[in-house]
Amino acid sequence: MPHMVISYAKPVEKQLEIQKLVQEVWDAADESGLFTPEAIKARAFPVEHFVTANTDQLFIHVDAKLFIGRTDEQKQDMTKRIFDKIAALVSDDVAISVEAIDMDKTTYLKR
């Protein structure tokens, strides 16, 4: 754990290689020191239809899903690391957002 779920406006693909985006988000999670490397999962999904602030502004959003137990300071550090890595990849007109989402371990199943 964690799951780094990246959603992005499909036209962002013209600005950057999406695999690089996924790797940078993974790297930021790893650099946070909160997880073992083998626990980190990152994936990206394009969004073809969107409206951002009633415009067609491009965006990248990351849901950082992690088990309950990290402090607010740890989560803030992790989200800032992710935000900064993404900001270094795209132009200033791309909206970026990152949210740490606590997950309840008792209701999470995996194989």
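Which residues in α1 meet which residues in α2? The legends below refer to a predicted model.

**Figure 1. Contact of helix α1 with helix α2.** From α1, the residues Leu21, Glu24, Val25, Asp27, Ala28 and Glu31 take part, and they meet Arg81, Ile82, Lys85 and Ile86 of α2. Sorted by class, this contact holds five nonpolar and five charged residues, with no polar ones.

**Figure 2. Crossing of the axes of α1 and α2.** Helix α1 spans residues 18-31 and helix α2 residues 72-87. Their axes come within 8 Å and cross at roughly 150°. Angles over 145 degrees count as roughly antiparallel, and α1 and α2 are therefore roughly antiparallel to each other. The crossing of the two helices is right-handed.

**Figure 3. Aromatic pair of Phe50 and Phe59.** Two aromatic pairs are found when the whole structure is searched. In the pair shown here, the ring centres of Phe50 and Phe59 are 5.4 Å apart. The planes of these rings stand at 80°, so the pair is edge-to-face. Phe50 has a relative accessible area of 22% and is partly exposed. Phe59, at 14% relative accessibility, counts as buried, the cut-off for buried being under 20%.

**Figure 4. Aromatic pair of Phe67 and Tyr108.** Phe67 and Tyr108 also form an edge-to-face pair, with 5.4 Å from centre to centre and 75° between the planes. Phe67 lies in strand β3 (residues 59-67), whereas Tyr108 belongs to the segment after β4 (95-103). The pair therefore ties together parts that are 41 residues apart in sequence. Phe67 is buried, its relative accessible area being 16%. For Tyr108 the relative accessible area is 24%, and this residue is partly exposed.

Figure 5. Gln23 has its place in helix α1. With a relative accessible area of 37%, Gln23 is partly exposed. Gln23 and Arg43 are separated by 20 residues in sequence. In space, the distance between Gln23 and Arg43 is 9.1 Å, taken from C-alpha to C-alpha.

How values were computed
Residues are numbered from 1 along each chain as its sequence is written. This is a predicted model: local features need pLDDT of at least 70, side-chain atom pairs count only at pLDDT 80 or more; totals for chains, interfaces and linings use all residues. Side-chain values use heavy atoms; hydrogens and water are left out. Axes are lines fitted to C-alpha atoms, for helices over the stretch in contact, and angles run from 0 to 180 degrees between N-to-C directions. Helices (H or I, at least four residues) and strands (E, at least two) are DSSP runs, numbered from the N terminus. Angles under 35 degrees count as roughly parallel, over 145 as roughly antiparallel, 65 to 115 as roughly perpendicular and the rest as oblique. A crossing is left-handed if the near helix is turned anticlockwise from the far one by less than a right angle, and right-handed if clockwise. Contact means heavy atoms within 4.5 Å. Ala, Val, Leu, Ile, Met, Phe, Trp, Tyr, Cys and Pro count as nonpolar, Asp, Glu, Lys and Arg as charged, and the others, Gly among them, as polar. Rings of Phe, Tyr and Trp (its six-membered ring) pair if their centres lie within 6.5 Å; planes under 30 degrees apart count as stacked, over 60 as edge-to-face and the rest as tilted. Buried means under 20% relative accessible area, exposed over 50%, partly exposed in between (1.4 Å probe, protein chains only).
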